[in-house]
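Subject: Structure handover

Hello,

Please find the structure below, for you to keep open while you read. My notes on it follow.

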Amino acid sequence: MIKFHCVCGKKLKASDDQAGRRAQCSGCGIEVVVPTTTPEPSVVESKLPAINPTSFAPSLLVANSPGAIFQATADRSSILSAGKTLSAGFDSRRQMLSEAQVVPDSARCVQCGICSHNCPMGIDVRGHARRGTAIHDSHCLTCSECVNRCPRGVLRFEQLAVFVWEN
Amino acid sequence: MPLRYVIVGSGIAGLSAAETIRQIDPHGSVALVSEESHRFYSRPGLAYLLRGDIPQWQLFIREPAEIKSLRLERINAGVASLDLAAHQLTCFDGRQIVYDRLLLATGAVAIPPSFPGANLVGVVKLDGLDDAQRILRAARWRRPAIVVGGGITALELAEGLLARKMRVNYFLRGKRYWSDVLDETESEIVMQRLRHEGMNIRTETQIKQAYGSRGRIQAVETQGGEMIPCRLLAVAIGVRPRVELAAAAGLSVRKGVVVNERLQADAPDVFAAGDVAEVIDTQTGASSLDVLWPIALRHGQIAGANMAGQEMIYRKETSFNVTQLAGLKTTIIGAIGGGKNEDLLAITRGESESWRAAPNAGTVTARHNTDRVRLAFDQRQIIGALVMGDQTWSRPLHDLIDHRVNISPIHSALVSGGNTALEQLGKFYQQWQQAVQSASKPMSLPRS
């Protein structure tokens, strides 16, 4: 008996001979792949960095989240409406919280450190930007401080690969 | 026999070279000679230090443990001369340093102003951390400051001084800001925002002389005869590569130290990287200077690899930069400018000479408030772009330009311009993206 979770949170179970096969979640209807064994509980990094209280500004979250921007300016001008088709927008803050990760474009980074300085969770965002690796740190709140404050447009939100379905 | 690598300069080119050499050759000794004694820092970040966005300690880009693992010998000295035959450097303090492989990563330095009084205390530039610290110490509430020059550095200085609560006057020799890269609309957007921030901008104003008392600046006189009080004069009229060491040693020097695509200078075992290097295109013989951090980084990696015996070729990509002008994020890619700029004697930091090479190209512009997209194109491809404000178009245009995507299918739509041009381009870009992705995607597996 294999026990696992769907991305919607519903607990699912399948018999051992169904390992690796595709099935449908009885909760949300999404297609899932049955894992080969019951997965270990996810491991959170043991060291929790200190929160930097001076930099956490909740008022910025709603106004600057990508979802809010694109909804507000959808019918404003050709730059933004034509651009809307190009961007990986999110429909809601909640979607961003659950599905997004911060992805750097290291070619643009000048290592100024504004991103790391403003991270409320103390993540080394600058280090990720230097190496060009997406932030998989489970401490990341997708609060968008780093994305918005970067003066060079290095950071953006993208959907986690697990949520991008191939047709 | 382990090799002795010597690097002159502690900027990003020198650091990247040291890191690359260490990755390839764990046994050789790596010495880094520099006039600066600071830990490695982000030079572009100095603008944000001036503005107060980050404290000084945030500028340092490597942990002490990372530096220790490089096993670097840091020598704090200025290099006076280079003896190519003897493979030896002589420092100003008399020290002599022998090398097997040498990298010149001496960078660029701000061109000093030429008017009388230019050496008074209070006349400042922004090259490195020492300059930034000097400016921070000298900035005083409500004292008058004047900024001259153009390009990105002038605004970094002006906005930094404004953030320090000085009364900032920006003197432009010409009629508008950065006239050889921005067009009139873009200059106007920037200048309006600067005025809104509280800056006093004067066009067609040139300084004739600076006056001081007890060696400290007190006022400037304009060409028009006006005397204006001034306690800090920030100058950003261009930079020049620091080629003196190379030139005196007999290396080939044009605008910078001439290097080939392996970043080798024209003497054995000598390389150059970063702002000081001028890479000559082997096919065309052409070159253009870039004073850009990511390019200096790349130079350092490639020079370091070649020094350590692993051959790597530098392939010039389209020069671009993303910066903030009066708080507006602005992407500049490829050949998008041209014409004259009276405020700059030479290229300034954060720029590429190749930006000014826009020949008779078609242009598409679109504007909404302070969001602006401008692109230059010819029959076959988009050759340059400028995106101000909303940055949605930044990456798509960068992709199209860098990959030299053939835009002839939509060329007529671009020529007709206006709103439809960008919409057509958006659809074209999406199709191109999908075509590229499906070409590299592996075959999808059948359902079980």
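A strand, in these notes, is a DSSP run of type E with at least two residues, and strands are numbered from the N terminus. By that rule E278(B) lies in strand β20 of chain B, which covers residues 277-279. Please keep in mind that the model is predicted.

E278(B)

Is E278(B) buried or exposed? Buried means under 20% relative accessible area. E278(B) has a relative accessibility of 1%, so it counts as buried. Its side chain reaches two backbone nitrogens: that of K255(B) at 2.7 Å and that of G256(B) at 2.8 Å. Leaving aside residues up to four places away in sequence, E278(B) touches R254(B), K255(B), G256(B), V257(B), V258(B), V259(B), S287(B) and L289(B).

The interface of chain A and chain B

The size of an interface is often given as the accessible area lost when the parts come together. Here chain A and chain B bury about 3400 Å² between them, and 52% of that is on carbon and sulfur atoms. In terms of residues, 37 from chain A are in contact with 46 from chain B.

How many residue pairs are in polar contact between chain A and chain B? The count is 13, with both residues at pLDDT 80 or more. Which elements of chain A give two or more residues to the side that touches chain B? They are α3 (78-84), α5 (114-118), α6 (125-131) and α7 (145-149) of chain A. The largest share of that side, 5 residues, comes from α3(A).

The rule finds 3 salt bridges across this interface. One of them pairs D105(A) with R395(B), and the closest N and O atoms are 3.2 Å apart. R131(A) also forms a salt bridge with E66(B), with 3.7 Å between the closest N and O atoms. This pair crosses between chains, from helix α6 of chain A, where R131(A) sits, to helix α3 (residues 64-70) of chain B, where E66(B) sits. E66(B) has a relative accessible area of 27%, so it is partly exposed.

Salt bridges over all chains

Over all chains the count comes to 31 salt bridges. Two of those in chain B are described next.

R356(B) forms a salt bridge with D180(B), and the closest N and O atoms are 2.7 Å apart. R356(B) is in the loop between β24 (351-352) and β25 (362-368), and D180(B) is in the loop between β11 (167-171) and α6 (184-197) of chain B, so the pair ties together parts that are 176 residues apart in sequence.

D290(B) forms a salt bridge with K316(B), with the closest N and O atoms 2.6 Å apart. What does this pair tie together? D290(B) belongs to strand β21 (residues 290-291) and K316(B) to the loop between α8 (293-307) and β22 (320-325) of chain B, so the parts joined are 26 residues apart in sequence. D290(B) is buried, with a relative accessible area of 8%, whereas K316(B), at 42%, counts as partly exposed.

Salt bridges can also share partners, and in this way K125(B), D127(B), D131(B), R134(B), D275(B) and R349(B) are joined into one network.

Aromatic rings

There are 4 aromatic pairs over all chains. In the pair of Y177(B) and W178(B), the ring centres are 5.9 Å apart and the planes stand at 50 degrees, so the pair is tilted. Y177(B) has 0% relative accessibility and therefore counts as buried. W178(B) is also at 0%, and so counts as buried. Y177(B) and W178(B) form one aromatic cluster together with Y170(B) and W355(B).

Elsewhere, a charge sits over a ring: R74(B) lies over the face of F40(B), 4.7 Å from the ring centre.

Regards

Technical notes. Residues are numbered from 1 along each chain as its sequence is written. Chains are lettered from A and ligands numbered from 1 in the order in which they are written. This is a predicted model: local features need pLDDT of at least 70, side-chain atom pairs count only at pLDDT 80 or more; totals for chains, interfaces and linings use all residues. Side-chain values use heavy atoms; hydrogens and water are left out. Rings of Phe, Tyr and Trp (its six-membered ring) pair if their centres lie within 6.5 Å; planes under 30 degrees apart count as stacked, over 60 as edge-to-face and the rest as tilted. Buried means under 20% relative accessible area, exposed over 50%, partly exposed in between (1.4 Å probe, protein chains only). A charge sits over a ring if NZ of Lys or CZ of Arg is within 6 Å of the ring centre and within 35 degrees of the ring normal. Helices (H or I, at least four residues) and strands (E, at least two) are DSSP runs, numbered from the N terminus. A polar contact is a pair of N or O atoms within 3.5 Å; within protein, one must be able to donate a hydrogen and the other to accept it, and residues adjacent in sequence count only if both atoms are side-chain atoms. Contact means heavy atoms within 4.5 Å. Buried area is the accessible area (1.4 Å probe) that two parts lose on being put together, summed over both. A salt bridge is a side-chain nitrogen of Lys or Arg within 4 Å of a carboxyl oxygen of Asp or Glu.
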